[in-house]
Amino acid sequence: MLLRLAALAALAAAPCLAAAQSAPVPVRASAQALTLDDAFARVADAHPDLRLFDGQRAVFDAEREVAALRPPLEAGIEIENLGLDAPTRTLETTLTLAGVFERGGKPDARSALAQTRIDALALQRESARVDLLAETARRHLAIVVATRRQTIAQADVAQRTRFVAAARQRFAAGASPEAVVLTAQAAQAQAELQIANARLEIETAQRSLSMLWGDPDGGFAIADSDPLALPDIADFGTLRELLARSPELLQFNDRERIAEARLQLARSDATPDMGWQAGIRHQRENGDTSLVGGFVVPLGSRARAQPGIRAAAAELALVSIERDAGDRALQATLAEAHGRYRVAQSAVSLLARDVLPRLGRAASATERAWRAGAVSYLEWSQLQDARSDALRQQLDAAEAAQIALIELQRLTGQSLVVAHATPAPFEGDAR
């Protein structure tokens, strides 16, 4: 039941699908059971969060084209002395063409900012995919665990049914009172309630998983998977080294490049642009034609640019602080997940190695003793309860370990298995 990083990597490398792509075939129409890799593929094909980046890329591409545009040329006409008396007026007409020389590297700075936003989009998309696929693995795990709970409950019901039959035989023989039969029947009904609850959990978990690819009905069967198979993983020091290459931290590099591009653009505003104008002037009175031209340079550009420069520099410094804070938060999450995995893995192993075998042998011995009249029904029932509770405790610990393992792999983006997983014995169907 591991979150397979090979599948994650393959899906993260695949291009996002267009919004117009056809919806996937519902899983319930397939004759094959759904595997975790199947769920990964369906989510990658259909989830709108993954297609969202295509639309963002189109927006950023258009913004890059706008950033590369030069200031437009302006054509104009000026007419002078139009309001003077006709006998004395000297009408002058001037045709002009004006523009702006951008200085300080403004076009390059705008293009660099637009390009860094596009470059950062790829890592954001990959990070979003890994997060979404990790959520897929968690929802798939919920189905597996609910199915195992149902198996434990079915085994408990089978055992309780045998209790009821044996209690009836002893009551018919006069070896035990009717209260024992009624108590055994009540315990059987409670065990059957556990089956019904597990069935509802499976349906809810299936619907939750299938909603990730837009299939709200979600009727399907999953492939058999063992949540008790917990591998040995790398030590915490190795995980800390892997964390430095995690998508969440690498995104700070992109944010830093974007902040640097904004700072460069703000600095370019300190260099004033130069406006120019050229034209032809015609004097109607004497028919003379002349060339005219001029330049305009705004004053105080450096002073006006300082607030923007300070803001961009502060934003750049803030990214470094946020990276340090994010790194510490991720390390804390990594340490917590690593510890939870080790504790849960140890609990699963201990229950499988020591607790469950002894409870199983004790339950069998107590059953034989009860049939022989050596112990009470209460002792037999308590041992069966203890064994079922231990099985559920083992399953809960395995679920906690699997969730922690998914989180570790999501954080590091790497496979952490250093040895083959050893499935713990599952005794849910033992008699």
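What share of the contacts in the protein with a separation of 6 or more is accounted for by residues 24 or more positions apart? In this predicted model, such pairs make up 82% of those contacts. The sections that follow take up the overall composition, the nonpolar cores, the packing of helices and a few individual residues.

The protein has 431 residues, and 39% of them count as buried. Its secondary structure consists of nine helices and six strands. The accessible surface amounts to about 22600 Å², and carbon and sulfur atoms contribute 55% of that area.

The largest nonpolar core comprises 29 residues, and the members that touch the most other members are L34, V43, I143, L209, W213 and F220. Two or more residues of this core come from each of the elements α2 (36-46), α4 (106-172), α5 (178-210), α8 (301-371) and α9 (377-412). Of these, α4 gives the most, with nine residues.

Two packed helices are described by the angle between their axes and the distance between the axes. For α4 and α5, the angle is about 165° and the axes are 8 Å apart. Because angles over 145 degrees count as roughly antiparallel, α4 is roughly antiparallel to α5. The crossing of α4 with α5 is left-handed.

The second pair joins α4 to helix α7, which spans residues 247-268. Here the angle is about 170°, and the axes lie 9 Å apart. The angle therefore makes α4 roughly antiparallel to α7. This crossing of α4 and α7 is likewise described as left-handed. On the α4 side the contact is made by K106, A109, R110, A112, L113, T116, R117, D119, A120, L123, Q124 and S127. On the α7 side it is made by P247, E248, L250, Q251, D254, R257, I258, A261, R262, Q264, L265 and S268.

Individual residues show how particular parts of the chain meet. A67 belongs to helix α3, residues 48-67. Is A67 buried or exposed? Its relative accessibility is 9%, so A67 counts as buried, the cut-off for burial being under 20%. Setting aside residues up to four places away in sequence, A67 touches P107, R110, S111 and A114. A67 and Q115 are 48 residues apart in sequence, and their C-alpha atoms are 9.7 Å apart in space.

S301 is located in helix α8. With a relative accessibility of 10%, S301 too counts as buried. Which residues does S301 contact, leaving aside its neighbours within four places in sequence? They are D269, A270 and P272.

A186, in helix α5, provides a further case. Its relative accessible area is 40%, so A186 is classed as partly exposed. A186 and V164 are 22 residues apart along the chain, and 9.5 Å separates their C-alpha atoms.

Key: Residues numbered from 1 in each chain as written. Predicted model: local features only at pLDDT ≥ 70, side-chain atom pairs only at ≥ 80, totals over all residues. Heavy atoms only, no water. Helix = DSSP H or I, 4+ residues; strand = E, 2+ residues; numbered from the N terminus. Buried < 20%, exposed > 50% of the residue type's maximum accessible area, 1.4 Å probe, protein only. Contact = heavy atoms within 4.5 Å. Areas by Shrake-Rupley, 256 points an atom, 1.4 Å probe, with all protein chains shown as cover. Core = buried A, V, L, I, M, F, W, Y, C linked by side-chain atoms within 4.5 Å. Axes fitted to C-alpha atoms, helices over the stretch in contact; angles between N-to-C directions. Parallel < 35°, antiparallel > 145°, perpendicular 65-115°, else oblique. Left-handed = near helix turned anticlockwise from the far one by under 90°.
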